[in-house]
Structures are given as structure tokens and as C-alpha cells.
Amino acid sequence: MFSTGLTFRAPVPTDGMAVHRLVAACAPLDTNSSYCNLLQCTHFAATCRGAWAGEQLRGFVSAYCRPDAPDTLFIWQVAIAAEARGQGLAARLLQALLAAPACRDIRFLETSITPGNQASQRLFASLARTLQCPLNRSTLFSRAHHFDGQHDDELLYRLGPFTTGAHHDPL
């Protein structure tokens with residue numbers, strides 16, 4: 001079982017390529033450039049978390065505080081290694097991130113999910129129940145208007161408001 005004996009921590013610059021490899025192995029996630037992953041491990045490290053089993057990265061959540069809404073954390077991606085899926089690791093990573101000092105003033109969480117990504121839909125519905133807060137859905141980017149028909153719709157999942165302390169016990 002891979003969800004026990006893990007270390008949860010903010011990334012460091014040398015984690016960038018491990019993040020890049022993990023995301024690439026996690027279809028249907030969009031693969032970003034390795035440079036983007038290096039920025040996540042440096043500029044955005046305070047709002048990202050990795051789950052490590054020894055030297056192996058088993059899960060990673062990337063996020064950022066929205067510049068126009070400092071009480072809102074946008075979850076960019078949640079990537080879980082195939083052998084660690086189905087064990088609650090994604091939820092534990094999100095809880096660990098919400099317990100981070102950089103997230104102490106967060107009252108809303110947002111992410112975008114394609115209509116066919118049932119696992120992510122279940123994850124964020126479960127997180128809303130855990131945080132005891134509303135979950136609202138709307139279209140963030142549409143296939144027709146934003147992606148020229150080249151990508152599925154991206155639905156905005158907005159959780160909150162939740163209260164301070166409701167998310168400070170990560171494990």
C-alpha cells in the first residue's frame with residue numbers, strides 16, 4: 001500500500017523533473033513544459049505539495065492563489081502515480097496543502113475539470129463534504145468558444161466558503 005509511509009512536503013527546485021515525469025504518466029492530464037514544472041517547484045512551491053515514498057514521487061498537487069481573489073486557491077493539477085491510486089492520496093494531498101501556512105487565509109477552492117473526468121469530479125465533491133461547504137459548478141472555458149473545438153469544456157468547480165480550522169488537520 002502506497003498511501004502509508006509517505007512524506008508530504010512543498011516541492012524544491014530539484015523536484016521539477018520528477019513532477020514533469022509524474023504528470024506525463026497521468027493521462028488525461030495536460031503535460032506542461034518541464035520549465036513550467038520547475039516554476040511550480042520554485043515560484044509556486046508554497047501552494048504545491050508532493051507525496052514522497054523515499055525518493056519516489058507518488059503524488060503532486062499544483063495550485064496558486066488567484067491574484068484577483070487572494071482568498072481563493074486554484075488547483076491546477078492533481079497527479080497520482082498509477083500504483084498509488086484508489087487509496088485516498090489525492091484527498092490527503094489536498095488536505096495537506098490546505099493546512100499549509102500559505103493557505104491560512106483561503107476560504108474558497110477552485111479547479112477546472114472536463115466533463116468526462118469522473119475521478120476528479122468525485123474527489124472535489126468529497127472534499128466539499130469534508131470541508132462542509134457548498135460546491136458550485138459552471139463552465140470556465142468552452143470547447144466551442146475558447147478551444148476552437150480542440151479540447152473538451154473545462155468546468156469550474158468552486159468550493160466554499162469554508163472556515164479557518166475546517167481544513168487544518170491534513171492527515
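Guide: A residue is called buried when its relative accessible area is under 20%, exposed when over 50%, and partly exposed in between (1.4 Å probe, protein chains only). The model is predicted, so local features need pLDDT of at least 70 and side-chain atom pairs pLDDT 80 or more, while totals for chains, interfaces and linings use all residues. Residues are numbered from 1 along each chain as its sequence is written, and side-chain values use heavy atoms, with hydrogens and water left out.

Visitor: Is Asp68 buried or exposed?

Guide: The relative accessibility of Asp68 is 58%. Exposed residues are those over 50%. Asp68 therefore counts as exposed.

Visitor: Which residues are joined with Arg66 into one network of salt bridges?

Guide: A salt bridge is a side-chain nitrogen of Lys or Arg within 4 Å of a carboxyl oxygen of Asp or Glu. Arg66 meets Asp68 at 2.6 Å, N to O, and Glu110 at 2.8 Å, N to O. Salt bridges that share partners join Arg66 into one network with Asp68, Glu110 and Arg158.

Visitor: How many residues apart are Glu83 and Arg58?

Guide: The side chains of Glu83 and Arg58 form a salt bridge of 2.3 Å, N to O. The pair links distant parts of the chain, and the separation between Glu83 and Arg58 is 25 residues.

Visitor: What distance separates the C-alpha atoms of Leu155 and Ser112?

Guide: Leu155 counts as buried because its relative accessibility is 19%. Ser112 is among the residues that Leu155 touches, contact meaning heavy atoms within 4.5 Å. Although Leu155 and Ser112 are 43 residues apart along the chain, their C-alpha atoms are separated by 5.1 Å.

Terms used:
Helices (H or I, at least four residues) and strands (E, at least two) are DSSP runs, numbered from the N terminus. Lists of a residue's contacts leave out its neighbours within four places in sequence.
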